[in-house]
Amino acid sequence: MTKKSKGGKEDKKAIETKSKSVSGKSQKQKKPVEKEVEKEVKEEEELIQESGTDSDYDGDSLSGSLNSDDFNSDIFESEDDVTQGGTEEEDGGDGESSQDELLVHEGSIDNEDGDDGSEQIDSDNNEEEDGSDEGSDRDEAVEESDSSEDEVAPRNTVGDVPLKWYEDEKHIGYDITGKKITKKERQDKLDSFLASMDDSKNWRKIIDDYNDEEVELTKEESKMVRRLLKGKAPHADFDPYADYVDWFKWTDAIHPLSSAPEPKRRFIPSIWEAKKVVKLVRGIRMGLIKVAKPEEEPEEGPVPYLLWEPASTSDQKNKNLTYIPPPKLKLPGHEESYNPSLEYIPTEEEKASYELMFEEDRPKLIPTRFTSLRSIPAYGNALKESFERCLDLYLCPRIRKKRINIDPESLKPKLPSRKDLRPYPNSCYLEYKGHTGAVTSISTDSSGQWIASGSTDGSVRIWEVETGRCLKVWQFDEAIKFVAWNPLSSLPVLAIAMGRDLFFLNTELGNDEEQEVIKEMFHSGNIPEPEASVAAIVTWLQDELYGGIKIRHFKNISSIDWHRKGDYLSTVMASGETRGVVLHQLSKKKTQRLPFKIRGLPVCTLFHPSLSYIFVATRKDVRVYNLLKTGLATKKLETGMREISSMAIHPGGDNLIVGSKEGKMCWFDMDLSSKPYKTLKNHPKDITNVAVHRSYPLFASCSEDSTAYVFHGKVYNDLNQNPLIVPLEILRGHSIKGGVLDCKFHPRQPWLFTAGADSIIKLYCH
């Protein structure tokens with residue numbers, strides 16, 4: 001027989017003698033608690049007998065099994081080891097914790113026992129204190145408090161991160177100081193099996209993978225597990241059969257809560273509920289009612305949320321929902337604070353710069369500093385913003401549109417090859433040098449043999465196109481703003497605008513008959529007196545220096561344009577407001593105002609190539625007026641740009657090109673709509689001028705970025721077919737300073753003239 005079995009028999013004998021001594025005492029002094037104690041003693045005896053027979057280690061059982069037999073046997077073995085303190089050979093296995101507790105209970109019940117009982121209890125308690133490895137203070141703390149705050153905080157601080165993410169790493173996480181927790185070396189399966197065979201407490205040990213530690217259950221924890229396996233409360237001091245406490249006061253109650261008898265329907269199954277259940281069962285069997293199957297959870301654990309996954313392939317999106325939640329308001333930042341830092345408060349210079357900005361570019365809120373909340377004024381746009389927010393929430397439809405997979409290449413317009421669109425200017429052929437200042441304007445005569453140019457040095461020059469020879473030079477005191485050649489080949493007259501003066505000069509390039517007509521026009525008779533409404537605007541004078549005609553205006557001239565018949569000329573004064581556009585008739589030396597009111601500050605004008613219409617461009621819009629009728633504009637073209645700089649009309653008269661000071665160019669099809677058909681954004685800087693060829697399907701634009709863009713623009717006679725616009729070439733060559741100030745096409749050849757701020761005129765040919 002083993003030691004444990006011998007010790008069990010001796011303990012059994014000791015318990016029997018003690019129980020007899022207890023029963024020998026007077027029955028009158030026993031309390032009801034003794035019955036419970038005796039019941040526990042019997043249970044302990046049965047467990048001791050079982051442990052005596054089953055305490056030997058079974059080689060086939062694995063370590064860490066949770067069978068009740070193993071618990072009963074091994075718990076008592078561990079208690080023997082703890083209480084004996086390694087003195088099993090000397091004492092023979094006496095001093096189990098259960099027997100000590102029993103003696104303590106008996107001593108507390110029989111207070112009138114002799115000194116022998118008290119001495120025995122004290123000696124047993126001393127032996128238990130000396131032999132226990134866990135410590136009495138720790139046992140009391142465990143028994144007294146079951147709060148989660150008493151638990152030891154985990155050493156690993158990675159949270160709910162799965163440990164499989166650390167499989168390939170040398171550590172399993174980080175401690176509270178931020179240092180890595182390195183993995184401990186694990187034993188082989190054979191070594192761990194042999195170690196578990198030698199260790200009798202191996203069933204108590206559990207490996208904590210989270211903290212990489214080996215945890216051993218304490219004596220109190222093992223007792224709690226044993227009680228749980230028996231279906232009892234974990235703590236021994238818990239009374240499951242406590243006396244019922246009647247919280248209702250019956251002393252003052254006269255009537256019962258309800259004296260009605262229990263109805264019979266409470267004890268009989270409902271017929272209607274049974275019929276409803278049968279109906280549901282039939283619907284499920286026939287397939288009319290589909291029961292949603294529970295979603296199977298993944299075996300590997302929760303799938304991590306992919307933060308950068310596109311919304312179309314995300315599994316987190318709502319199923320079969322096209323509703324998009326309303327946008328959330330932007331949270332206030334430091335700028336919205338009533339007392340922001342000094343770095344957020346703009347200076348006076350910055351505030352002045354805000355006033356010069358456009359309204360859409362201006363910041364909506366300028367940070368202001370207040371000493372207290374009491375001094376903050378009411379917000380002026382509170383009602384407006386709340387109303388707009390309500391419109392966004394209730395009236396704006398938020399529907400998720402289905403994505404259509406389209407090849408981006410298929411969306412590109414199928415444009416013809418540039419080789420098929422030849423000829424067009426692509427290389428510099430000739431340069432015209434002679435001006436000392438920036439060339440502001442150029443103009444070609446109707447034959448294409450001569451070209452006139454004006455510069456800021458006050459000179460006007462006439463060049464031969466094919467040779468580059470300077471034929472004639474006129475010198476003035478002011479910078480030249482605009483030059484324009486008369487469109488009639490039989491009337492070689494050049495109009496020159498500078499400051500407030502407009503000159504008509506004879507170029508002396510025609511034959512003798514044409515020269516006689518020009519001289520008779522310039523010098524015949526006196527100039528008639530203008531009307532009262534026009535006298536304050538212009539004054540006709542005779543130019544004695546160059547033998548021409550001079551017209552003095554009341555404001556500076558910004559643009560001029562000839563009529564197709566060569567007798568009328570329109571003059572634009574940007575600061576003239578309603579009197580900013582006037583028409584001059586050269587044959588009668590007469591000036592007249594437009595028969596309608598101009599809305600806005602005029603920028604430039606154009607005559608229709610075949611009809612009696614005039615295009616007047618203000619800063620943002622272009623209005624078309626009929627010269628034969630007085631009244632409102634026949635059409636208003638909305639460009640949507642900040643400020644218009646120039647415009648040119650197609651020879652057909654139905655298409656208009658408008659350039660702006662923000663680098664955009666608009667193509668208007670007036671038969672199609674009053675809004676742009678195409679808006680081209682090519683130049684990074686302001687567009688200075690646009691031009692359209694008379695016979696070739698070409699148009700061009702020049703800008704302050706020192707480049708000129710050439711486009712193919714073909715207009716079809718079929719109204720169902722839209723115009724074809726194809727970019728062809730970017731012409732460079734002028735210096736960066738100042739850019740290209742003007743561009744004009746040759747009237748008969750696909751050539752382009754450009755005038756730059758570098759005082760050079762370039763001819764680009766195909």
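This is a predicted model: local features need pLDDT of at least 70, side-chain atom pairs count only at pLDDT 80 or more; totals for chains, interfaces and linings use all residues.
1. A salt bridge here is a side-chain nitrogen of Lys or Arg within 4 Å of a carboxyl oxygen of Asp or Glu. Across the whole structure, a search finds 14 salt bridges.

2. Let us look at one pair from that network. Lys762 and Glu431 form a salt bridge whose closest N and O atoms are 2.3 Å apart. The two residues come from distant parts of the chain, 331 residues apart: Lys762 belongs to strand 33 (residues 760-765), and Glu431 to strand 5 (residues 427-433).

3. A second salt bridge joins the side chains of Arg619 and Glu643, at 4.0 Å from N to O. Arg619 sits in the loop between strand 20 (613-617) and strand 21 (621-626), and Glu643 in the loop between strand 22 (635-638) and strand 23 (644-649), so this pair ties together parts that are 24 residues apart in sequence. Arg619 is partly exposed, having a relative accessible area of 45%. Glu643 also counts as partly exposed, with 25% relative accessibility.

4. Asp621 and Lys636 meet through their side chains in a salt bridge of 3.6 Å, N to O. Here strand 21 supplies Asp621 and strand 22 supplies Lys636, and the two are 15 residues apart. Asp621 counts as buried because its relative accessibility is 16%, and the cut-off for buried is under 20%. Lys636 has 35% and counts as partly exposed.

5. What does Ser441 touch, leaving aside neighbours within four places in sequence? Its contacts are Ala452, Ser453, Gly454, Lys481, Phe482, Val483 and Asp742. For Val483 there is a further detail: its backbone nitrogen lies 3.2 Å from a polar atom of the Ser441 side chain.

6. Now to a helix. In helix 9 (residues 219-229), the buried residues include Lys219, Glu220, Ser222, Lys223 and Arg226. Why do they lie on the same side of helix 9? They cover an arc of only 160° around the axis, which puts them there together. Just after helix 9 comes Gly231, which takes a positive phi of about 85°.

7. Last, a look at the surface. Leu280, Ile284, Met286, Leu288, Ile289 and Val291 make a nonpolar surface patch of about 620 Å². One of these residues, Val291, is found in the loop between helix 10 (271-286) and helix 11 (348-356). Is Val291 buried or exposed? Its relative accessibility is 58%, so Val291 counts as exposed; the cut-off for that class is over 50%.

Key:
Residues are numbered from 1 along each chain as its sequence is written. Side-chain values use heavy atoms; hydrogens and water are left out. Patches are made of residues with over 30% relative accessible area and no salt bridge: like charges are joined within 9 Å, nonpolar side chains (Val, Leu, Ile, Met, Phe, Trp, Tyr) within 5 Å. Accessible areas come from the Shrake-Rupley method with a 1.4 Å probe; for residues, only the protein chains shown count as cover. Helices (H or I, at least four residues) and strands (E, at least two) are DSSP runs, numbered from the N terminus. Buried means under 20% relative accessible area, exposed over 50%, partly exposed in between (1.4 Å probe, protein chains only). The arc is that of the directions from the helix axis to the C-beta atoms. A polar contact is a pair of N or O atoms within 3.5 Å; within protein, one must be able to donate a hydrogen and the other to accept it, and residues adjacent in sequence count only if both atoms are side-chain atoms. Contact means heavy atoms within 4.5 Å.
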